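Here is a short briefing to read alongside the model. Have a look at the fold, then follow the charged pairs below.

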Amino acid sequence: MSLPHFAPFPDSKLRQSILPDEWQLYLDSWTSLAEIYLRLDDQKFLSAISDNDTLTPFLLSFFHELAHDDSIAPRVQSLRKQCFFLLHRLFSRDDVPPSLLTWPALSDLCSVFPRSEHFRTLLQKSWARKGGVIEKSLQTAKTSLIKNLESKRPEEAESTLDRIAPLLRVSPEASVYMLTGSDFLDALSAAYPIVPSSMQKKLVTTAYLGLTSILEGEKPNYSLLSDHLYSLKSSEEQEQKKDPGKRTLVADLVTNTPLLEKIRDKATAPEAARVKNTAASLSAFRQSSVARPKRLVRRKVDKGKSKIGADDYGHGAFDGQVHVHRMSIITQIQDLFPHLGAGFIVKLLDEYNDDIEQVTAHLLEDSLPPHLANADRSEQL
């Protein structure tokens, strides 16, 4: 007797036309079917996905929608858990479905499981076994990004940068692959002066993720990192000679990210001396003119009357000028992390005293304290 087939998970437009009771039946059916597949022994499971594989397309559609629509997450927790177990079973096989190893699929998974150590380990093991397949897919993104970044319209690369960002944050292997060779980092630098400031932050974040990922793992590639840092230093010296004070990717990188501090703290091996020295020399390119807002000092207005309380402004809000300033900071963070809700970002700003550099660093390094790490990241104001 053959098992029932999985129907693909519907997109947001189609979900809007489904009545609540009917939608709950769909969720229950998918969850029950997932449990049946999980109970199968290896031989029956292989047979089920070999004859007419509807499981993989379902998982791809489910995780894609989950990655791009935070509103459905609270309603599919049970199904999400079962799907992770199914995903783990598929990735643990020697013949992983190729469609799961494409960079868009992996990026969706990284967006859904950004802090899961179990998923991170699963991805690392998959890269060790299927790295060649993943890199072949990733090369298409790399080639497309370089072509667009070096074109007359580099802003056309932004959608791909947004799409690939979750993968680069979770997978050091992916970030290192993107920075293998100098062409991608050169393209980021070339595009930086001519794209909008919102995209400049994304270019800087991408460079930061790539450079710091080289330090990860048991055997950091100090040679590759040293080459990149030396190249950045040489190109920046030339740029500043031609146009002193010019806003560049290097200046933004060393001013607004903890790159130099991270290299200083992690490059401790004897063979990392050149890396450490070159990184230290890059501090000369820090520019106060490119520094982003770090700390906001809130001032109460003396009206000559009673002491002003927080509720005088309405639920703890502050005066219009400060409010606009803080909203500007929220927007800057959402440019880098578009999946974060403004309410969650406010909690981050409260935690780190409106220090945008600290907030960004803790998000990039996944080092938030437990009460924030476990909070609802899609929370709105």
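**A buried aspartate and its surroundings**

Asp252 counts as buried, since its relative accessibility is 0% (buried means under 20% relative accessible area, exposed over 50%, partly exposed in between, with a 1.4 Å probe and protein chains only). This is a predicted model, where local features need pLDDT of at least 70 and side-chain atom pairs count only at pLDDT 80 or more, while totals for chains, interfaces and linings use all residues. Residues are numbered from 1 along each chain as its sequence is written, and side-chain values use heavy atoms, leaving out hydrogens and water.

**Salt bridges**
- Asp252 pairs with Arg247 in a salt bridge, the closest N and O atoms being 3.9 Å apart (a side-chain nitrogen of Lys or Arg within 4 Å of a carboxyl oxygen of Asp or Glu).
- Arg247 is partly exposed, at 32% relative accessibility.
- Glu239 and Lys246 form a salt bridge at 2.9 Å, N to O; Glu239 is partly exposed at 23%, and Lys246 is partly exposed at 24%.
- Glu117 and Arg120 are joined by a salt bridge of 3.7 Å, N to O, and they lie about one helical turn apart because three residues separate them in helix H7 (residues 117–149).
- Arg120 counts as buried, at 17% relative accessibility.
- A salt-bridge network links Arg15, Glu65 and Asp69.
- The structure holds 17 salt bridges.

**Overall fold**
- The protein has 19 helices and zero strands (DSSP runs of H or I with at least four residues, and of E with at least two, numbered from the N terminus).
- Of its 381 residues, 48% count as buried.
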